[in-house]
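Visitor: Could you take me through this structure? I would like to discuss its sheets, pockets and salt bridges.

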Amino acid sequence: MKKLVAALLVLTMVLALTGSAMAGCKFSIHQYVKFNKNAYAYTEPKNSKKTNDPATIVSKGSIGCVEGISGNWVRVRLTPYGTGGNFTCPDYGTCWTAWFKSGDLKASKAAALTSDVLVRFSNGGVGLSKPLYRDAAGNFIYYKDEGAYRISDNCYKHVKATAKVWLHKTPSLSNSYGKALKKDQKVKYRRAWSLDERLVPFYGVRYNGKCLWVSSLYTKLVK
């Protein structure tokens with residue numbers, strides 16, 4: 001009986017270890033993944049290492065790329081390569097990454113059609129993109145919404161928030177103004193636009209006399 005109990009204990013341990021290994025091998029390096037829920041980001045593969053000030057939460061439906069695996073944790077690339085960040089890939093350059101629980105992710109069917117990641121943040125994400133267009137001096141460039149650079153009809157004169165959206169001093173996540181538009185709030189559209197490093201369009205708006213920017217992911221142009 002003792003031998004049987006010992007054998008069962010050994011079998012239980014083996015199955016547990018096998019399960020962990022299988023969970024850790026669910027994804028592969030450089031595989032594109034889709035977030036199946038709003039997911040908290042962690043600085044390390046530990047429950048105690050959740051990001052803060054503020055907490056970073058990636059929105060459901062975002063597309064990331066696997067850069068590391070540790071048990072049931074996956075290190076996901078959140079920005080395109082070459083944007084600076086906390087991770088260096090020998091083949092491609094630097095990028096921003098964070099750790100996520102593997103249960104928050106699934107393989108992306110759009111991987112073959114996706115040239116890079118596209119991540120939305122329901123909270124945090126400050127500093128995880130910079131303006132894409134810059135001049136020789138490093139100043140960001142934007143375009144007037146007219147002529148060859150037209151992206152909307154003339155009748156669209158306002159930007160309406162479709163969810164809470166933070167205002168920024170530049171068309172990026174790197175220069176927050178510290179205030180946000182509430183859902184359904186409208187502000188004047190300056191007929192100016194630009195892109196951040198994720199290729200997300202930002203609309204130029206006027207808010208309390210200030211010329212600012214908001215992400216198109218949480219806003220829309222209206223009359």
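Guide: What follows is a conversation about the sheets, the salt bridges and the pockets.

Visitor: What kind of model is this, and how are residues numbered?

Guide: This is a predicted model, in which local features need pLDDT of at least 70 and side-chain atom pairs count only at pLDDT 80 or more, while totals for chains, interfaces and linings use all residues. Residues are numbered from 1 along each chain as its sequence is written, and side-chain values use heavy atoms, with hydrogens and water left out.

Visitor: Which order do the strands take in the sheet of 5 strands?

Guide: The order is E8-E5-E4-E1-E9, in an open sheet with antiparallel pairing. Strands here are DSSP runs of E with at least two residues, numbered from the N terminus, and two of them pair if DSSP finds at least two bridges between them.

Visitor: Which strands lie at the edges?

Guide: Strand E8 (97–101) and strand E9 (105–107) are the edge strands, each pairing on one side only. The twist averages 50 degrees from one strand to the next, with axes taken as lines fitted to C-alpha atoms and angles running from 0 to 180 degrees between N-to-C directions.

Visitor: How many bridges join E4 to E5?

Guide: There are 5 bridges between E4 and strand E5 (residues 73–77), and the two run antiparallel. Within that pairing, Val66 stands opposite Val76 in E5. The hairpin of E4 and E5 has 2 residues between the strands, and Gly71 takes a positive phi near 60 degrees there.

Visitor: Is E4 mostly covered or exposed?

Guide: Strand E4 (residues 63–70) is mostly covered, with 6 of its 8 residues buried. Buried means under 20% relative accessible area, exposed means over 50%, and partly exposed lies in between, using a 1.4 Å probe and protein chains only.

Visitor: And what does E1 pair with?

Guide: E1 is joined to E4 by 3 bridges in the antiparallel sense, and Tyr32 stands opposite Cys65 in E4. Strand E1 (residues 32–35) also pairs with E9 over 3 bridges, again antiparallel, where Phe35 stands opposite Leu105.

Visitor: What about the sheet of 3 strands, which order does that one have?

Guide: That open sheet has the order E2-E3-E10 and antiparallel pairing, with E2 and E10 as its edge strands. E2 and strand E3 (residues 57–58) are paired over 2 bridges, and Ile57 in E3 is the bridge partner of Tyr40.

Visitor: Changing topic: how many salt bridges are found?

Guide: A search of the whole structure finds 6. A salt bridge is a side-chain nitrogen of Lys or Arg within 4 Å of a carboxyl oxygen of Asp or Glu.

Visitor: Which residue does Asp104 meet in a salt bridge?

Guide: Asp104 meets Lys37, at 3.8 Å from N to O. Asp104 lies in the loop between E8 and E9 and Lys37 in the loop between E1 and strand E2 (39–40), so the pair ties together parts that are 67 residues apart in sequence. Asp104 is buried, at a relative accessible area of 10%, whereas Lys37 is partly exposed, at 41%.

Visitor: And where do Asp145 and Arg191 lie?

Guide: Their salt bridge has its closest N and O atoms 3.5 Å apart. Asp145 is in the loop between strand E11 (143–144) and strand E12 (158–161) and Arg191 is in strand E15 (residues 186–195), 46 residues apart. Asp145 is buried, with a relative accessible area of 1%, and Arg191 is buried too, with 18%.

Visitor: Which residues are linked in a network of salt bridges?

Guide: Glu67, Arg77 and Asp116 are linked in this way. Separately, Asp196 forms a salt bridge with Arg198, with the closest N and O atoms 2.8 Å apart, and both residues are buried.

Visitor: Finally, how much space lies in the largest pocket?

Guide: The largest pocket holds about 360 Å³. On a 1 Å grid over the protein atoms alone, a pocket is an open set of points where a 1.4 Å probe fits, with protein on both sides within 12 Å along at least five of seven lines; lining residues have an atom within 4 Å of a point. Grid points are joined across faces, edges and corners, and a volume is the space filled by probe spheres set on the points.

Visitor: Which residues are the closest to its centre?

Guide: Of the 19 lining residues of the largest pocket, Phe121, Asn123, Gly124, Trp166 and Tyr218 are the closest to its centre.

Conventions
Helices (H or I, at least four residues) and strands (E, at least two) are DSSP runs, numbered from the N terminus.
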